[in-house]
Amino acid sequence: MFARKIKNRIYWMGSVDWDSRLFDSLIPLPDGTSYNAYFIEGSEKTVLLDTVDPPMASEFLAQLESIPKIDYIVSQHAEQDHSGTIPQVLEKYPDAKLISTPKAKGLLTDLLQIPEESFITVEDGETLSLGDKTLTFIHTPWVHWPETMVTYLQEDKILFSCDFFGSHIATTDLFVTDEGRVYEAAKRYFAEIMMPFRNVIKKNLEKLAPYDIAMIAPGHGQIFQRPAFIVDAYREWILGPPRNTVVLPYVSMHKSTKRMVEHLVSALVEKGVRVELFNLAVTDIGKLAMALVDAGTIVVGTPTILAGPHPYAAYAAFLANALRPKASFLSIIGSYGWGGKTVETLAGMIPNLKVEVLNPVLCKGVPSEDVFKALDELATVIAQKHKENDFK
Ligand code: FEO
(Lines give C-alpha, C1' and ligand atoms only; values in the text may rest on other atoms or scores of the structure.)
Protein backbone atom coordinates (compact mmCIF):
# COMPACT_ATOMS: atom_id res chain seq x y z
CA MET A 1 0.00 0.00 0.00
CA PHE A 2 1.14 3.56 -0.75
CA ALA A 3 1.05 6.56 1.61
CA ARG A 4 -2.45 8.09 1.74
CA LYS A 5 -3.42 11.69 2.36
CA ILE A 6 -5.62 12.34 5.39
CA LYS A 7 -5.55 16.15 5.32
CA ASN A 8 -3.27 18.84 4.02
CA ARG A 9 0.32 17.59 4.55
CA ILE A 10 -0.81 14.79 6.87
CA TYR A 11 -0.50 11.24 5.58
CA TRP A 12 -1.32 7.70 6.67
CA MET A 13 1.59 5.34 6.16
CA GLY A 14 2.04 1.76 7.27
CA SER A 15 0.81 -1.64 6.33
CA VAL A 16 -2.49 -3.48 6.07
CA ASP A 17 -1.96 -7.02 7.32
CA TRP A 18 -4.66 -9.15 5.69
CA ASP A 19 -3.17 -12.51 6.65
CA SER A 20 -2.38 -12.51 10.38
CA ARG A 21 -4.81 -14.49 12.47
CA LEU A 22 -3.04 -14.28 15.82
CA PHE A 23 -1.57 -11.28 17.62
CA ASP A 24 1.13 -11.67 20.28
CA SER A 25 0.83 -15.42 19.54
CA LEU A 26 -2.35 -15.25 21.64
CA ILE A 27 -5.10 -12.95 20.42
CA PRO A 28 -7.27 -14.16 17.53
CA LEU A 29 -7.45 -11.66 14.66
CA PRO A 30 -10.48 -12.77 12.63
CA ASP A 31 -10.21 -9.72 10.35
CA GLY A 32 -6.42 -9.23 10.21
CA THR A 33 -5.08 -5.86 11.33
CA SER A 34 -3.14 -2.81 10.21
CA TYR A 35 -0.05 -1.06 11.55
CA ASN A 36 -0.59 2.66 11.14
CA ALA A 37 2.14 5.26 11.08
CA TYR A 38 1.55 8.91 10.23
CA PHE A 39 3.72 11.48 8.47
CA ILE A 40 3.22 15.21 9.07
CA GLU A 41 4.92 17.88 7.04
CA GLY A 42 5.11 21.19 8.90
CA SER A 43 6.35 24.39 7.25
CA GLU A 44 9.72 23.93 8.97
CA LYS A 45 10.00 20.38 10.29
CA THR A 46 8.71 16.93 9.42
CA VAL A 47 7.65 14.18 11.81
CA LEU A 48 6.88 10.48 11.57
CA LEU A 49 4.58 9.07 14.25
CA ASP A 50 5.38 5.40 14.95
CA THR A 51 6.44 2.75 12.44
CA VAL A 52 5.29 -0.81 11.65
CA ASP A 53 5.80 -4.39 12.76
CA PRO A 54 9.21 -5.54 11.47
CA PRO A 55 7.80 -8.17 9.04
CA MET A 56 6.13 -5.23 7.24
CA ALA A 57 9.28 -3.09 7.16
CA SER A 58 10.07 -3.33 3.43
CA GLU A 59 6.61 -2.04 2.44
CA PHE A 60 6.97 0.80 4.92
CA LEU A 61 10.48 1.76 3.84
CA ALA A 62 9.27 1.87 0.23
CA GLN A 63 6.69 4.47 1.30
CA LEU A 64 9.49 6.56 2.77
CA GLU A 65 11.48 6.59 -0.44
CA SER A 66 9.97 9.86 -1.65
CA ILE A 67 10.59 11.60 1.70
CA PRO A 68 14.01 13.26 1.68
CA LYS A 69 14.11 14.33 5.33
CA ILE A 70 12.53 13.37 8.61
CA ASP A 71 13.38 15.62 11.55
CA TYR A 72 11.57 13.70 14.27
CA ILE A 73 10.28 10.20 14.81
CA VAL A 74 7.73 9.96 17.61
CA SER A 75 7.43 6.62 19.40
CA GLN A 76 4.09 6.68 21.18
CA HIS A 77 4.41 3.08 22.37
CA ALA A 78 7.47 0.88 22.64
CA GLU A 79 5.82 -2.42 21.68
CA GLN A 80 7.45 -3.74 18.52
CA ASP A 81 4.37 -3.70 16.28
CA HIS A 82 4.75 0.10 16.36
CA SER A 83 8.39 0.62 17.24
CA GLY A 84 10.07 -2.38 15.61
CA THR A 85 11.07 -0.58 12.41
CA ILE A 86 12.47 2.53 14.15
CA PRO A 87 16.10 1.28 13.86
CA GLN A 88 15.76 1.00 10.07
CA VAL A 89 14.15 4.44 9.84
CA LEU A 90 16.96 5.90 11.96
CA GLU A 91 19.47 4.23 9.69
CA LYS A 92 17.84 5.93 6.67
CA TYR A 93 17.54 9.30 8.47
CA PRO A 94 20.56 9.37 10.84
CA ASP A 95 19.94 13.00 11.85
CA ALA A 96 16.37 12.36 12.96
CA LYS A 97 15.64 12.61 16.67
CA LEU A 98 13.51 10.00 18.38
CA ILE A 99 10.87 11.49 20.67
CA SER A 100 9.42 9.37 23.46
CA THR A 101 8.36 9.49 27.08
CA PRO A 102 11.19 8.94 29.57
CA LYS A 103 9.75 5.48 30.36
CA ALA A 104 9.60 4.56 26.68
CA LYS A 105 13.24 5.52 26.28
CA GLY A 106 14.25 2.74 28.66
CA LEU A 107 12.02 0.21 26.94
CA LEU A 108 13.15 1.20 23.44
CA THR A 109 16.77 0.95 24.55
CA ASP A 110 16.18 -2.54 25.95
CA LEU A 111 14.04 -3.82 23.09
CA LEU A 112 15.70 -2.21 20.06
CA GLN A 113 19.11 -1.13 21.37
CA ILE A 114 18.61 2.42 20.10
CA PRO A 115 21.58 4.62 21.07
CA GLU A 116 21.19 7.23 23.80
CA GLU A 117 22.07 10.16 21.51
CA SER A 118 19.07 9.55 19.23
CA PHE A 119 16.54 10.35 21.96
CA ILE A 120 14.64 13.43 23.02
CA THR A 121 12.30 12.67 25.91
CA VAL A 122 9.14 14.69 26.42
CA GLU A 123 7.22 15.39 29.57
CA ASP A 124 3.46 15.28 29.83
CA GLY A 125 1.91 18.25 28.00
CA GLU A 126 5.13 19.30 26.27
CA THR A 127 4.74 20.78 22.78
CA LEU A 128 6.81 20.65 19.61
CA SER A 129 6.53 23.18 16.79
CA LEU A 130 6.85 21.99 13.21
CA GLY A 131 6.41 25.58 11.97
CA ASP A 132 2.76 25.98 11.11
CA LYS A 133 1.76 22.78 12.92
CA THR A 134 2.17 22.07 16.64
CA LEU A 135 2.22 18.75 18.45
CA THR A 136 1.26 18.26 22.11
CA PHE A 137 2.45 15.07 23.78
CA ILE A 138 0.01 13.70 26.33
CA HIS A 139 1.17 10.92 28.62
CA THR A 140 -1.53 8.23 28.77
CA PRO A 141 0.11 5.40 30.71
CA TRP A 142 -1.04 1.79 30.82
CA VAL A 143 -2.69 1.50 27.44
CA HIS A 144 -1.53 -1.36 28.00
CA TRP A 145 2.15 -0.73 28.79
CA PRO A 146 3.43 1.83 31.31
CA GLU A 147 5.08 4.19 28.81
CA THR A 148 2.24 4.93 26.39
CA MET A 149 1.42 8.43 25.17
CA VAL A 150 -0.79 10.05 22.55
CA THR A 151 -0.08 13.09 20.36
CA TYR A 152 -2.45 15.96 19.59
CA LEU A 153 -1.98 18.02 16.44
CA GLN A 154 -3.37 21.37 17.53
CA GLU A 155 -4.09 23.15 14.24
CA ASP A 156 -5.85 20.15 12.64
CA LYS A 157 -7.42 18.85 15.89
CA ILE A 158 -6.22 15.31 15.24
CA LEU A 159 -5.42 12.92 18.09
CA PHE A 160 -2.87 10.24 17.18
CA SER A 161 -3.53 7.50 19.69
CA CYS A 162 -1.54 4.33 18.81
CA ASP A 163 -3.17 1.31 20.59
CA PHE A 164 -5.67 3.58 22.43
CA PHE A 165 -8.99 3.44 20.47
CA GLY A 166 -7.44 0.98 18.00
CA SER A 167 -9.09 -2.00 16.35
CA HIS A 168 -7.76 -4.99 14.47
CA ILE A 169 -9.27 -4.71 11.01
CA ALA A 170 -7.64 -5.11 7.62
CA THR A 171 -9.42 -2.94 5.08
CA THR A 172 -8.69 -0.52 2.26
CA ASP A 173 -11.04 2.04 3.84
CA LEU A 174 -8.89 4.69 5.52
CA PHE A 175 -11.77 6.07 7.60
CA VAL A 176 -14.43 4.26 9.62
CA THR A 177 -17.30 3.35 7.33
CA ASP A 178 -19.09 0.70 9.40
CA GLU A 179 -19.26 1.69 13.06
CA GLY A 180 -20.89 -1.61 14.08
CA ARG A 181 -17.96 -3.60 12.71
CA VAL A 182 -15.42 -1.27 14.28
CA TYR A 183 -17.26 -1.32 17.63
CA GLU A 184 -16.93 -5.11 17.73
CA ALA A 185 -13.23 -5.08 16.76
CA ALA A 186 -12.37 -2.23 19.14
CA LYS A 187 -14.20 -3.95 22.01
CA ARG A 188 -12.26 -7.14 21.32
CA TYR A 189 -8.99 -5.19 21.47
CA PHE A 190 -10.03 -3.32 24.62
CA ALA A 191 -11.03 -6.60 26.29
CA GLU A 192 -7.85 -8.42 25.43
CA ILE A 193 -5.25 -5.86 26.46
CA MET A 194 -6.77 -2.79 28.12
CA MET A 195 -9.53 -4.08 30.40
CA PRO A 196 -7.14 -4.91 33.28
CA PHE A 197 -5.95 -1.28 33.29
CA ARG A 198 -9.37 0.35 32.95
CA ASN A 199 -9.02 2.42 36.14
CA VAL A 200 -5.93 4.14 34.74
CA ILE A 201 -7.44 4.38 31.25
CA LYS A 202 -10.43 6.12 32.83
CA LYS A 203 -8.03 8.85 34.00
CA ASN A 204 -6.58 9.04 30.50
CA LEU A 205 -10.08 9.60 29.09
CA GLU A 206 -10.62 12.40 31.61
CA LYS A 207 -7.29 13.90 30.61
CA LEU A 208 -8.31 13.99 26.94
CA ALA A 209 -11.73 15.54 27.66
CA PRO A 210 -10.57 19.22 27.39
CA TYR A 211 -9.08 18.68 23.91
CA ASP A 212 -11.16 19.62 20.89
CA ILE A 213 -10.73 16.44 18.84
CA ALA A 214 -12.06 16.35 15.30
CA MET A 215 -10.39 13.09 14.30
CA ILE A 216 -8.72 10.13 16.06
CA ALA A 217 -5.98 8.37 14.12
CA PRO A 218 -5.09 5.10 15.91
CA GLY A 219 -2.17 2.72 15.43
CA HIS A 220 -4.42 -0.16 14.33
CA GLY A 221 -7.56 -0.04 12.22
CA GLN A 222 -9.42 2.84 10.69
CA ILE A 223 -9.40 6.57 11.43
CA PHE A 224 -12.36 8.00 13.33
CA GLN A 225 -14.00 11.07 11.80
CA ARG A 226 -16.62 10.88 14.52
CA PRO A 227 -14.43 10.53 17.64
CA ALA A 228 -17.42 10.61 20.02
CA PHE A 229 -18.39 7.15 18.76
CA ILE A 230 -15.24 5.44 20.05
CA VAL A 231 -14.76 7.67 23.11
CA ASP A 232 -18.35 6.93 24.21
CA ALA A 233 -17.77 3.20 23.64
CA TYR A 234 -14.69 3.31 25.91
CA ARG A 235 -16.68 5.20 28.54
CA GLU A 236 -19.37 2.50 28.42
CA TRP A 237 -16.84 -0.35 28.74
CA ILE A 238 -14.95 1.34 31.56
CA LEU A 239 -17.63 3.16 33.55
CA GLY A 240 -20.84 1.30 32.73
CA PRO A 241 -22.19 -1.05 35.44
CA PRO A 242 -22.11 -4.83 34.83
CA ARG A 243 -25.04 -6.17 32.83
CA ASN A 244 -27.72 -8.70 33.61
CA THR A 245 -25.59 -11.30 31.83
CA VAL A 246 -23.91 -14.55 32.81
CA VAL A 247 -20.79 -15.52 30.90
CA LEU A 248 -20.55 -19.29 30.92
CA PRO A 249 -17.32 -20.78 29.56
CA TYR A 250 -17.43 -24.56 29.78
CA VAL A 251 -15.90 -27.79 28.62
CA SER A 252 -17.41 -31.26 28.75
CA MET A 253 -15.91 -34.69 28.16
CA HIS A 254 -18.74 -37.22 28.54
CA LYS A 255 -21.71 -34.82 28.38
CA SER A 256 -22.50 -34.67 32.13
CA THR A 257 -21.17 -31.11 32.48
CA LYS A 258 -22.84 -30.20 29.19
CA ARG A 259 -26.24 -31.38 30.50
CA MET A 260 -25.72 -29.28 33.64
CA VAL A 261 -24.75 -26.27 31.54
CA GLU A 262 -27.80 -26.62 29.31
CA HIS A 263 -30.06 -26.89 32.34
CA LEU A 264 -28.54 -23.81 33.97
CA VAL A 265 -28.81 -21.79 30.75
CA SER A 266 -32.53 -22.58 30.49
CA ALA A 267 -33.11 -21.78 34.16
CA LEU A 268 -31.31 -18.45 33.86
CA VAL A 269 -33.13 -17.44 30.69
CA GLU A 270 -36.45 -18.38 32.30
CA LYS A 271 -35.59 -15.98 35.13
CA GLY A 272 -34.79 -13.16 32.74
CA VAL A 273 -30.97 -13.43 32.81
CA ARG A 274 -29.04 -13.21 29.54
CA VAL A 275 -26.37 -15.90 28.96
CA GLU A 276 -23.27 -15.90 26.76
CA LEU A 277 -22.16 -19.50 26.35
CA PHE A 278 -18.69 -20.57 25.23
CA ASN A 279 -17.68 -24.17 24.58
CA LEU A 280 -13.98 -23.83 25.33
CA ALA A 281 -13.09 -26.74 23.06
CA VAL A 282 -14.08 -24.70 20.00
CA THR A 283 -14.48 -21.06 21.05
CA ASP A 284 -12.64 -17.96 19.89
CA ILE A 285 -11.04 -16.78 23.13
CA GLY A 286 -11.38 -13.16 21.95
CA LYS A 287 -15.18 -13.52 21.97
CA LEU A 288 -15.00 -14.75 25.54
CA ALA A 289 -12.83 -11.76 26.50
CA MET A 290 -15.38 -9.39 24.90
CA ALA A 291 -18.24 -10.97 26.80
CA LEU A 292 -16.30 -10.50 30.04
CA VAL A 293 -16.28 -6.71 29.55
CA ASP A 294 -19.93 -6.37 30.62
CA ALA A 295 -20.98 -9.56 32.41
CA GLY A 296 -22.44 -9.43 35.93
CA THR A 297 -21.63 -13.08 36.71
CA ILE A 298 -19.14 -15.68 35.51
CA VAL A 299 -19.96 -19.38 35.79
CA VAL A 300 -17.24 -21.85 34.79
CA GLY A 301 -18.40 -25.33 33.75
CA THR A 302 -15.81 -28.11 33.91
CA PRO A 303 -15.45 -31.81 34.40
CA THR A 304 -12.79 -33.07 36.80
CA ILE A 305 -9.77 -34.58 35.10
CA LEU A 306 -6.59 -35.72 36.82
CA ALA A 307 -8.12 -34.55 40.12
CA GLY A 308 -8.60 -30.94 38.97
CA PRO A 309 -10.36 -28.74 36.42
CA HIS A 310 -10.06 -29.49 32.73
CA PRO A 311 -7.05 -27.55 31.32
CA TYR A 312 -9.37 -25.52 29.05
CA ALA A 313 -11.35 -24.39 32.12
CA ALA A 314 -8.10 -23.58 33.93
CA TYR A 315 -7.07 -21.49 30.90
CA ALA A 316 -10.39 -19.60 30.97
CA ALA A 317 -9.97 -18.96 34.73
CA PHE A 318 -6.39 -17.79 34.20
CA LEU A 319 -7.52 -15.47 31.40
CA ALA A 320 -10.40 -14.03 33.46
CA ASN A 321 -8.05 -13.47 36.38
CA ALA A 322 -5.57 -11.65 34.12
CA LEU A 323 -8.25 -9.53 32.41
CA ARG A 324 -9.88 -8.51 35.74
CA PRO A 325 -13.39 -7.97 34.41
CA LYS A 326 -15.94 -6.03 36.45
CA ALA A 327 -18.18 -9.07 37.17
CA SER A 328 -19.54 -9.16 40.73
CA PHE A 329 -20.35 -12.88 41.11
CA LEU A 330 -18.79 -16.20 40.18
CA SER A 331 -19.68 -19.86 40.46
CA ILE A 332 -18.42 -23.23 39.27
CA ILE A 333 -20.43 -26.18 38.03
CA GLY A 334 -19.38 -29.58 36.73
CA SER A 335 -19.12 -33.29 37.16
CA TYR A 336 -16.52 -35.71 38.48
CA GLY A 337 -16.02 -39.46 38.46
CA TRP A 338 -14.11 -40.42 41.56
CA GLY A 339 -13.00 -37.23 43.32
CA GLY A 340 -10.68 -34.29 43.02
CA LYS A 341 -10.20 -30.66 44.00
CA THR A 342 -11.70 -28.85 41.04
CA VAL A 343 -13.45 -26.09 42.98
CA GLU A 344 -10.47 -25.40 45.25
CA THR A 345 -8.06 -25.33 42.31
CA LEU A 346 -10.20 -22.97 40.20
CA ALA A 347 -11.02 -20.73 43.16
CA GLY A 348 -7.30 -20.43 43.86
CA MET A 349 -6.68 -19.25 40.31
CA ILE A 350 -8.75 -16.08 40.47
CA PRO A 351 -7.31 -13.90 43.25
CA ASN A 352 -7.62 -10.74 41.10
CA LEU A 353 -11.39 -11.02 40.70
CA LYS A 354 -13.37 -8.99 43.20
CA VAL A 355 -16.31 -11.37 43.11
CA GLU A 356 -18.67 -12.99 45.56
CA VAL A 357 -18.37 -16.74 45.00
CA LEU A 358 -21.81 -18.35 44.83
CA ASN A 359 -22.27 -21.97 45.94
CA PRO A 360 -20.80 -24.28 43.31
CA VAL A 361 -22.76 -27.23 41.97
CA LEU A 362 -20.72 -30.39 41.49
CA CYS A 363 -22.15 -33.74 40.61
CA LYS A 364 -20.77 -37.29 40.83
CA GLY A 365 -21.35 -39.07 37.53
CA VAL A 366 -24.38 -38.08 35.51
CA PRO A 367 -26.61 -35.29 36.88
CA SER A 368 -29.57 -36.41 38.97
CA GLU A 369 -32.78 -34.55 39.83
CA ASP A 370 -31.05 -33.19 42.95
CA VAL A 371 -28.32 -31.67 40.78
CA PHE A 372 -30.84 -30.03 38.46
CA LYS A 373 -32.62 -28.65 41.54
CA ALA A 374 -29.32 -27.22 42.80
CA LEU A 375 -28.77 -25.60 39.39
CA ASP A 376 -32.27 -24.08 39.55
CA GLU A 377 -31.36 -22.66 42.95
CA LEU A 378 -28.10 -21.23 41.57
CA ALA A 379 -30.07 -19.58 38.74
CA THR A 380 -32.50 -18.11 41.29
CA VAL A 381 -29.64 -16.70 43.38
CA ILE A 382 -27.94 -15.18 40.30
CA ALA A 383 -31.20 -13.59 39.08
CA GLN A 384 -31.84 -12.22 42.57
CA LYS A 385 -28.30 -10.82 42.91
CA HIS A 386 -28.53 -9.14 39.49
CA LYS A 387 -31.88 -7.62 40.44
CA GLU A 388 -30.62 -6.34 43.79
CA ASN A 389 -27.67 -4.71 42.02
CA ASP A 390 -29.87 -3.25 39.28
CA PHE A 391 -27.92 -4.95 36.47
CA LYS A 392 -29.74 -4.22 33.18
FE1 FEO B 1 -0.26 -2.37 19.00
FE2 FEO B 1 0.68 -2.61 22.30
O3 FEO B 1 0.85 -2.76 20.46
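Biologist: In S7, what is the bridge partner of Leu-48?

Modeller: In S7, Leu-48 has Ile-73 as its bridge partner. Strand S6 (residues 46-49) and strand S7 (residues 72-74) pair in the parallel sense, over three bridges. Two strands pair if DSSP finds at least two bridges between them; strands are DSSP runs of E with at least two residues, helices are runs of H or I with at least four, and both are numbered from the N terminus.

Biologist: Before I go on, what should I know about the model and the numbering?

Modeller: This is a predicted model, where local features need pLDDT of at least 70 and side-chain atom pairs count only at pLDDT 80 or more, while totals for chains, interfaces and linings use all residues. Residues are numbered from 1 along each chain as its sequence is written, and side-chain values use heavy atoms, with hydrogens and water left out.

Biologist: Thanks! What is the strand order in the open sheet of seven strands?

Modeller: The order is S1-S2-S5-S6-S7-S8-S9, with mixed pairing. Strand S1 (4-7) and strand S9 (119-121) stand at the edges with a single partner strand each, so one side of each is left without a neighbour in the sheet. Neighbouring strands of this sheet are turned by 25° against each other on average, direction ignored; the axes are lines fitted to C-alpha atoms, for helices over the stretch in contact, and angles run from 0 to 180 degrees between N-to-C directions.

Biologist: Which side chain does Lys-7 meet in a salt bridge?

Modeller: Lys-7 meets Asp-156, at 3.4 Å from N to O. A salt bridge here is a side-chain nitrogen of Lys or Arg within 4 Å of a carboxyl oxygen of Asp or Glu. Lys-7 lies in strand S1 and Asp-156 in the loop between strand S12 (149-153) and S13, so the pair ties together parts that are 149 residues apart in sequence. Lys-133 joins Lys-7 and Asp-156 in a network of salt bridges.

Biologist: Is Asp-156 buried or exposed?

Modeller: Asp-156 counts as buried, at 11% relative accessibility, while Lys-7 is partly exposed at 31%. The cut-offs are under 20% relative accessible area for buried and over 50% for exposed, with partly exposed in between (1.4 Å probe, protein chains only).

Biologist: How many salt bridges does the structure hold?

Modeller: It holds 18. One of them joins Arg-181 to Asp-31, the closest N and O atoms being 3.9 Å apart. Arg-181 lies in helix H5 and Asp-31 in the loop between S4 and S5, so that pair ties together parts 150 residues apart in sequence.

Biologist: Switching to rings: how many aromatic pairs does a search of the whole structure find?

Modeller: The search finds 13. Tyr-38 and Phe-160 form a tilted pair, 5.1 Å centre to centre with 55° between the planes. Rings of Phe, Tyr and Trp (its six-membered ring) pair if their centres lie within 6.5 Å; planes under 30 degrees apart count as stacked, over 60 as edge-to-face and the rest as tilted. Tyr-38 and Phe-160 are both buried.

Biologist: Which rings make up a cluster?

Modeller: Ring pairs link Phe-164, Phe-165, Tyr-183, Phe-190, Tyr-234 and Trp-237 into one.

Biologist: And helix H9, why is it largely enclosed?

Modeller: Seven of the eight residues of H9 (residues 285-292) are buried, so the rest of the structure largely encloses it. What covers its buried residues includes helix H5 (179-194), strand S15 (243-250) and helix H10 (311-323), with contact meaning heavy atoms within 4.5 Å.

Biologist: What caps its N-terminal end?

Modeller: Asp-284 does, with a side-chain oxygen 2.7 Å from the backbone nitrogen of Gly-286. A polar contact is a pair of N or O atoms within 3.5 Å; within protein, one must be able to donate a hydrogen and the other to accept it, and residues adjacent in sequence count only if both atoms are side-chain atoms.
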